[in-house]
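Have a look at the picture below first, then read on.

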Amino acid sequence: MAGVKRSLAVDLGGIVLTTPVMIAAGCAGTGKELTGLVELRKVGAIVSRTITLDPERGSPTPRIAESASGVVWSTGLQNPGIDAFVGEELPRLARSGSHVVVSIAGGTLEEYVRLTGALQGRPEVSAIEVHLSGPDLELQRPMLGAHVDRAAEVAGAVARMSMVPVFAKLPLHASDLPEIAGAVVRAGATGLTIGGSPPALDVQPERLRPGLGGVTGWLSGPALLPMTLRAVFDVSRTVPETPVIAVGGIRTGEDAVAAFLAGAWAVQVGTATLIDPAAPVSIAQGIVRYLKAKGLATPADVRSRLRVPASFGAASDAEEDRR
Amino acid sequence: MTRLRAEILSTRKLGAYHSLTLVAPEIAEEARPGQFLAIKMPEGREFSLRRHFAVHQASRRGGWAGTLEFVVDPLGPGTEWLMSVKAHEFLEVIGPLGTAFAYPKRHTNCLLVAEGHGASSLYFLAQELLARHKRVDMVVGAETLDRVFKPIEGKRLSQTISIVTGDGTLGERGSVMDVLPEMAEATGTEVLYAAAPSPTLARIAGFCKERAIPAQVAVEERMGCGLGLCQTCVVPVARKDGSGYDHLRSCVDGPVFNPARVLWDRWLSEEPTMLPTPPEGLPVVRSWPG
């Protein structure tokens, strides 16, 4: 189709990415490692490893085990703490020429507030991603983001303090995910990242032992894609005006397009970057090829365009009514 | 560090191992002993993480100039796939990665201690040390005969060599630790290099500490990416100022470490076991998904 001006640019509620493909938290190193392996200018944004208030040494080793089409891992959020991060790693990440989204995690509301405070006024920060899959130390719950009010309280507090867009990263496996998403958006979050890795366990029968030093871990990799698509689909129907970033199992341009069709505005690439550091760029090229073949101009042209029977939404509404 | 598609020049079986030689001039030019390669796995399989191998040989001159050799120990689906690839097929390789062994400036008597697959990087080191007019002696160990890596090559590269196998099928019966003190004594060891599984490295570290022999060891910890991104292959290493320790990535901060600074007990005591869930449920602890 002649005359179509093709562009991959996407506006995620105030942060404009040149491509809708980002590197997921914990997969972009510390700003040194990817140089020479991928042109970071061509990556929509880099999400930093998740940063906590104090330095975190992380889990015992081994920290990774392969599973069918996936990896089971647990790094225990190893990171140098917010002060060292802001001093050393953040400027280095920003020199890549890509947007830097800083991922933050706390065990209490106060920790999230202090983390956001430490990032205030830092010109290198394009956005904040709020990691909500960790334990809630204040309320003694295993997963902070699994509770509607608590997720909204924390995401809202960060959003009120932040001068840059705030994305709440919700656990993929939370029940009531659309309800949590709606509450988090009402509390002020700019957008949502869907979602945090589900829990997993690797077992080595021969040795009668778990594969990871920290025993339990989390699942990543292509095995997750259908779960990600379902969660993005459900969430984006609840908050259709809110930017949703899909993460989990995206490996090819086709996978990214599938996420757009399900309702995503952008995607993050994690495990695929570990295997092929140039994956975020080749995924963007794959998206362009798809758009070209379909005669479309931008990823927004396919967003939420999954063709489902008209009766699909109606049936669930009817069910809703019966309750 | 370069990423390229490399043609396989040849493959050969070496006892229990398999060696692959690649045409990769950019990597061969840069690679030093101790460094490693990250090999991409084929598309469409259920295993996908890169596999990592120490550089066994990087030829810069002569008829083999521009070639690179590494050695595969078949341990799982990825390594088994690598045993099946043929000459003239291509592999996608990133390398050289990680830190290299440093060569001694003042000292001359070097003892190289290898167990199993570890010998592949130490033979490369032996060549480089010989080219710098150092004396090289070796201790090479393995469980059994076909896991002793290239014993004839070992003899050729060293002034003296002591070969030990767990079952006595080649050389003396025992482990490298059984012959190490005697070899160090007999050869007047001034510097020690080792590549072996971590429990053996821990014992070698203890020996070097006791005898005050400066040493460098190449560790083996399970890696995700090998590129410094995923932070899974960490080793606890004491800080220089004595203020504690850090989890350093064995792919970018290692694999070669000073064994005196590795906290071996901490590292190796972390062997996981399955614990039953208590009836009152699991306590909420700081265990981050991240």
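## A strand tucked inside chain B

Let's start with strand β6 of chain B, residues 90–97. Six of its eight residues are buried, so this strand is largely enclosed by the rest of the structure. Buried here has a plain meaning: a residue counts as buried if 20 or more other C-beta atoms lie within 10 Å of its own. Keep in mind that you're looking at a predicted model.

## Who pairs with β6 in chain B?

Which way does strand β1 (residues 2–14) of chain B run relative to β6(B)? The two run antiparallel, and six bridges join them. If you want a spot to check in the picture, find Arg5(B): its bridge partner in β6(B) is Glu92(B).

Strand β3 (residues 36–39) of chain B pairs with β6(B) too, again in the antiparallel sense, over three bridges. Here you can look for Phe36(B), whose bridge partner in β6(B) is Leu97(B).

## An open sheet in chain A

Now hop over to chain A. Four strands make up an open sheet there, with antiparallel pairing, in the order β5-β6-β14-β11. At the edges sit β5 (64–67) and β11 (199–201) of chain A, each of which pairs on one side only. Going from one strand to the next, the twist averages 40 degrees.

What about β6 (residues 70–73) and β14 (residues 216–220) of chain A: how many bridges do they share? Three, and the pairing is antiparallel.

Key:
Residues are numbered from 1 along each chain as its sequence is written. Chains are lettered from A and ligands numbered from 1 in the order in which they are written. This is a predicted model: local features need pLDDT of at least 70, side-chain atom pairs count only at pLDDT 80 or more; totals for chains, interfaces and linings use all residues. A residue is buried if 20 or more other C-beta atoms lie within 10 Å of its own, exposed if 12 or fewer, and partly exposed in between; C-beta atoms are placed from the backbone. Two strands pair if DSSP finds at least two bridges between them. Axes are lines fitted to C-alpha atoms, for helices over the stretch in contact, and angles run from 0 to 180 degrees between N-to-C directions.
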